[in-house]
Each structure stands twice: as structure tokens, then as C-alpha cells.
Amino acid sequence: MSRTSRRTLRCGELRAQHAGQRVRLGGWVHRRRDLGGIVFIDLRDRAGLVQIAVGPSAPEDVRRTASGLTGETVVEVEGEVVLRPPNMRNPELATGEVEVHPAKLVVVGPAVTPAIPVARAKGEELAAEELRLKHRHLDLRRPEMQENLVLRHRLLQRARRTLSELEFLEIETPILTKPTPEGARDYLVPSRVHPGEFYALPQSPQIYKQLLMVAGFDRYFQIARCFRDEDLRNDRQPEFTQIDIEASFVGMEDVLGFVETVLAALWEEAGHPVARPFPRITWREAMERYGTDKPDLRYELAIADWTTQVAGLGVPFFESALKNGARVRGLAVKGGATLSRKDVDQLAEAAKQLGGSGLAWVKRQGDQLSGSVAKHFTSAALEALGVGDGDAAVMAVGPDRSTSAVLDRIRQEVLHRLGAKPSAAHAFAWVVDFPLFEPDPDTGTPVFAHHPFTSPHPDDLAAGKLESDPFACRALHYDAVYNGNELGSGSIRITDPAVQRKVFALLGLAAADVDARFGFLLQGLQAGAPPHGGFAVGFDRVVMLLAGAGSLRDVIAFPKTTAARALFEGAPAPAAPADLKALHIEVER
């Protein structure tokens, strides 16, 4: 109920059925239009706008107040709801059939001229983002921002309701915790009462939720706040929210079923029913066909291995690389002959920026071939690659780690430049069978691909690959992918303390270091741990996608910039010398 002692309805809730009723409203002056004999005020609250019409018959004090109103002033109105004349109704406004004729109009919150505009004309650009973040209290008044946060609220409640119906218990885990490696740097919090010692803000509730499984809470969830001190992008923030779950006596199929239920519920809440079950693709297949572990499956364009087909064509660009065991991989781009030379040059430059050696390309128009390696090809040779009349072949040569990244980027670019139409609006997929380890780019030694608590695939564990060939060992890890975006990750966990120690050893951690950093987890596992697994959904990203927003900052009330600064409140900021002294900290300048 929106009724309070000072209002009967929200502004945006008025409809034709309220005509004739006397109402009390409160809101912000969105716009004021003075037409001489009558003043129109668009009054705004979180539910929307309603027109207040102050005509000659209004009380004198109401007319006087209306004539002096400025934008963003907060007023309270009492008056009668009246149907607008048919020729003055506004079909673009939910309240467009009615207006309010005020008997009382009182300013309750005078406002200075806003630093950034809240009410914008159609086509008018927003203020610069940095300026909007500096005046976030005003930016949040924009209807589109309010709609985003209302959607966020609805999705949160739907997630809670869905997980509760699945018999998950919402349990909070600590914010002040112990530093542990989760793939990014920790935010450290100094302890005043324990000089020289530090808490860490959690990168995730990973260890605690595993301990809850050991403790017998067989289904846990949390709308968890997490913190990672890492470089930011549009889809990253130093503090973020995830829907975190863990369950006992489960296998991978059970966890995927739980998560699908939650994701389908969230999309339904946003008005987009989706089909289940989601298709599955292995990590190796995703990398081979799309060059990424988060492929956008709305488009059929896939990477192909053309090493055999081009080996005898005498392309110097290829032959030296092929002698070193490299592969030639490429894309048969339907309609690609329409790409301009400028387009192709920009694609080649993007390939070099990603560490590739450049692109080879051929465009086919009838029997006319053009492009960087066109003289080595014939129409028949292109036909064998699936490149028909009006198409283009775009190729990269080198090790897979290079060509995958290059062709993933090129695939996205050509789809965008050609205006490709997706085969579906919503393409979910599970990516499974990830590697357990990946080589450190500098040393070549194993580092965990996700986190060190992920269970090795039982077949690979039984075959001894953990010891003999750790890079060939698969993980019981799974990612949820949607339209080329990773929505979250999860895994079945290690429950055998001996296997967990072995994984830590492969990561180069000494036994004493393991005990110091993870002793409390190992102690819990030794107390009798059920088989368990879980998942974490990146909630901010889900809201961003469902709101159609361009950045996480558009769906978080008070976000940080890409420099990890909070411009509105001015954080981070220097601490007072007395506070630093109490924390036993000295700052080097």
C-alpha cells in the first residue's frame, strides 16, 4: 500500500477509475509549463508522472505557489482527479487520461538548481558519467534509473522466493574474514585490537559455505556481498553482489537443475520466459568453435580448422608457422564480401592488439577474388572452406591460445559490422569439462583455472592424471553462459583432505603454508564431509542484462568508477593521523 498519513496514492498510480476522487500526492517537480492562464506541473515520484493543472479557478495561494516552482522542488498536492479532454490525453503516459486540479499546493522541500538535469527532452544526451556519479542523488531520480533499481528489487525477491521453495536456507557468512587466494587481491582491514594483524573482505563465501555443508545445513544460499581488489571494466566492480548457493549429497546434474530453476525464474520475472534444459557444450568445444568459454550461441558463425585445406596452397604467411606445429583457423563469413577495406584493416589491427600475427583474408564475388592472400586461392579452394559467392574467409595462424582470442574478437566484430540477425533472443548454455589447471604465462607451472577447491573429474583422478599430467585433468566445474556473457560459475568440491592437500601442493604451496591458510577448512573436511557442490550467479550482471543497461553502474545505487573511486561520497580518502596511529599503521609518501 502506498497510502501514508500524508498521501493517498503515488503520482504514477492514478488512472481513469480515480476520476472524481480527492487525493493527496507528494513528489518532485519534473517540469513546469506556464501557458499564461494555466500552469501545468508534471509531478514525479518513483511510480511515474502525473499532470497537475493549476487554472484560473484554483485558489490564489495555489496559483501563486505554482507560478514560482522550480525543477526538483518537493511539493505536496491535494485535489480532485479529473479526466482530461479527449484531445488532451497523453497515450505515452500511464496517467495520461487524468490530471489533478489542486485545492492545496505546498512546498515541503525547496531545491537549488540541480547540478545535472533530471528531466530531459527526447534525444537530449545525458550529462557525462563522472558528473552524474558525483551527483548520484540526482542521477538516481531519473526514471530509467529508478526502473532499473525497481527491477533489481523484484529479481532479488524472486531469487529468494525460488530458493526458499527449493528448501534452501538463507545463512549469512562473515564479512571480516581471513585472507585466502580466490584469484584476485584481497581488500585488507587492519585490526586495532590485534596490532599488525589484518582481516580480509571476502572475495566470496566459498570456504564458509563448504563448512556449512560439513555442519549439516544441506542447502544454503545467500545474497552475498563480495569484494575484489582488481582492475575494473564495465562489467566489474570492486564490491558486487552474487546469488550464492551450496548443496550436499548432490552431483553436477542436481546443481545445474537448481541454477536453471533460479535463472529461468529471474528471466520470467523480467518478462522473458525461457526454455529448459539449457544446452551443454564442453570447454574444449567452446574454445575450438568460438574461441571463448562464453560463446554467444545466438549466431551460427563458428571457427573452423583449415590447416589441412590450406597446407598446399603455398601461402608464405602460413607455411613457416605450420612447420612449428601451429594451426590455421578461420571463419567463413556469409555476406563478408561487403566488408570494406577499412573494415578489414581495422579487424587486422584488432588481431595484432590481441597478440596475433595479423589476419589473412579473401573475399569472393563470383570468380573474382580479392584480399591479402587471394592470389593463392581459387574459387574451388574457397568452396571447400564453405566460402561461397559474396562471402569472405578470415584466417589466423598460430598457437591456439592466440588464434582463439583473435577469432573470438573477429567473430564478434564481423557479426556487428554486418548487422547479423540473431536466431533467438535468449541463448543460454552450460559450459562443462573445464581444465582443472592452466599454465602460469610466465613460469609454465600449474595455477588453478578457477579456485583450488574444485574437484578433479573422477575419471581423471582414477587414471592418476593429477600426478602424471595435471594440465590434462578436467574439473567438475561448470559455467552458465547467456548471449556471450558469463552469468556465473560453480563446481563440485573436493571433500577428501588428502586430495585437497595434493592440489595445494601442485600449486606450489608448502604444507606449513597450507595449514596456516586453510587449516580450518581441512579440519572441517576431516570431521566428515558430505559430497557437495555449488554455484554463484553474478547478480549485478544479470540485472544489467535484463535491464538492457550498458554498464553495471546503471543498476547499482552507488557504484565505483573504473578507477575504484566513489565520487559522490569521495572514497577512498586519507585517514586522520590519530586513526592510523590507533591501527598501528604508518603511510609512506
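## A cavity, a sheet and a buried strand

The second largest cavity in this structure has a volume of about 40 Å³. The model is a predicted one, and a search through the whole of it turns up four cavities of 30 Å³ or more.

Which residues line the second largest cavity? They are L339, V344, L347, L359, W361, A392 and V394. Sorted by class, this lining has seven nonpolar residues, with no polar and no charged ones. Helix α10 (341-353) and strand β16 (392-398) each supply at least two of the lining residues.

Strand β16 also leads us to a sheet. Here five strands form an open sheet in the order β12-β13-β16-β14-β15, with antiparallel pairing. At the edges are β12 (303-305) and β15 (368-370), each of which pairs on one side only. On average, neighbouring strands of this sheet are turned by 25 degrees against each other, direction ignored.

Another helix, α7 (residues 283-290), lies across β12 and β13 (327-333), and runs at about 90 degrees to β12.

Now let us turn to strand β3. Why is β3 (residues 48-54) largely enclosed by the rest of the structure? Six of its seven residues are buried, that is, under 20% relative accessible area, so the strand is largely enclosed.

Strand β3 has pairings with β2 and with β5. In general, strands of a sheet pair through backbone hydrogen bonds, and they may do so in a parallel or an antiparallel way.

| Strand pair | Bridges | Direction | Residues facing each other |
|---|---|---|---|
| β2 (residues 39-45) and β3 | seven bridges | antiparallel | F40 and A53 |
| β3 and β5 (residues 98-109) | two bridges | parallel | Q51 and E99 |

How many residues lie between β2 and β3 in their hairpin? There are two residues between these strands. On the β5 side, E99 is the bridge partner of Q51, and the two strands run parallel.

Conventions: Residues numbered from 1 in each chain as written. Predicted model: local features only at pLDDT ≥ 70, side-chain atom pairs only at ≥ 80, totals over all residues. Heavy atoms only, no water. Buried < 20%, exposed > 50% of the residue type's maximum accessible area, 1.4 Å probe, protein only. Helix = DSSP H or I, 4+ residues; strand = E, 2+ residues; numbered from the N terminus. Pairing = 2+ DSSP bridges. 1 Å grid on protein atoms, 1.4 Å probe; cavity = no way out; pocket = protein on both sides within 12 Å on 5 of 7 lines; lining within 4 Å. Points joined across faces, edges and corners; volume = space filled by probe spheres on them. Nonpolar A, V, L, I, M, F, W, Y, C, P; charged D, E, K, R; others polar. Axes fitted to C-alpha atoms, helices over the stretch in contact; angles between N-to-C directions. Contact = heavy atoms within 4.5 Å.
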